[in-house]
Amino acid sequence: MAVQLPNLPYAENALEPHYSAKTFSFHHGKHHKAYVDNLNKLIAGTPIEGKPLEEIIIACAGDSSALACSTTRHRCGTTPSSGTA
């Protein structure tokens, strides 16, 4: 299965007034989606195609949990109320 852009765990307007829903929609729905689409193109036909994102990161960069967490921060505890970025 290809890497997929995860759904946000909160509404696009959850960060207002700091970020508008329109800005957030563009950032997540287009900018982050472009990263996912390009990653899928890069790994097509390789041994890491179909692997989970965390395994792809480790295979490409070595065992770096900081890099994996930074890359997948939406799944590492970033929420509107957590204060993390």
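Helices (H or I, at least four residues) and strands (E, at least two) are DSSP runs, numbered from the N terminus. By that rule the protein chain has three helices and zero strands. Along the sequence the pattern reads α-α-α. This is a predicted model: local features need pLDDT of at least 70, side-chain atom pairs count only at pLDDT 80 or more, and totals for chains, interfaces and linings use all residues. Residues are numbered from 1 along each chain as its sequence is written, and side-chain values use heavy atoms, with hydrogens and water left out.

**Chain overview**

- Of the 85 residues in the protein chain, 21% are buried. Buried means under 20% relative accessible area, exposed over 50%, and partly exposed in between (1.4 Å probe, protein chains only).
- The protein chain exposes about 6000 Å², and carbon and sulfur atoms supply 57% of that area. Accessible areas come from the Shrake-Rupley method with a 1.4 Å probe; for residues, only the protein chains shown count as cover.
- Contact means heavy atoms within 4.5 Å. Among contacts in the protein chain between residues at least 6 apart in sequence, 41% join residues at least 24 apart.

**Nonpolar core**

- The largest nonpolar core has eight residues: Val3, Val36, Leu39, Ile43, Ile48, Leu53, Ile56 and Ile57. Helix 1 (21–43) and helix 2 (53–61) each supply at least two residues of this core.
- A nonpolar core is a set of buried Ala, Val, Leu, Ile, Met, Phe, Trp, Tyr and Cys residues joined through side-chain atoms within 4.5 Å.
- Ile48 touches Ile43, Ile56, Ala59 and Cys60, leaving aside its neighbours within four places in sequence.
- Helix 2 buries Leu53, Ile56 and Ile57. Seen down the axis of helix 2, its buried residues fall within an arc of 100°, so they line one face of the helix. The arc is that of the directions from the helix axis to the C-beta atoms.

**Salt bridge**

- The structure holds one salt bridge. A salt bridge is a side-chain nitrogen of Lys or Arg within 4 Å of a carboxyl oxygen of Asp or Glu.
- The partners are Lys33 and Asp37, with 2.8 Å from N to O.
- Lys33 and Asp37 are four residues apart in helix 1, so about one helical turn separates them.
- Both partners are partly exposed: Lys33 has a relative accessible area of 37%, and Asp37 has 30% relative accessibility.

**Aromatic pair**

- A search of the whole structure finds one aromatic pair. Tyr10 and Phe24 form this tilted pair, at 6.0 Å centre to centre and 50° between the planes.
- Tyr10 lies in the segment before helix 1 and Phe24 in helix 1, so the pair ties together parts that are 14 residues apart in sequence.
- Rings of Phe, Tyr and Trp (its six-membered ring) pair if their centres lie within 6.5 Å; planes under 30 degrees apart count as stacked, over 60 as edge-to-face and the rest as tilted.
- Tyr10 is buried at a relative accessible area of 15%. Phe24 is buried at 10% relative accessibility.

**Two prolines**

- Most peptide bonds are trans. A cis peptide bond joins Glu16 and Pro17, with omega about 10°. Pro17 lies in the segment before helix 1.
- Pro52 sits in the loop between helix 1 and helix 2. At 42% relative accessibility, Pro52 is partly exposed.
- Pro52 and Met1 are 51 residues apart in sequence, with 8.6 Å between their C-alpha atoms.
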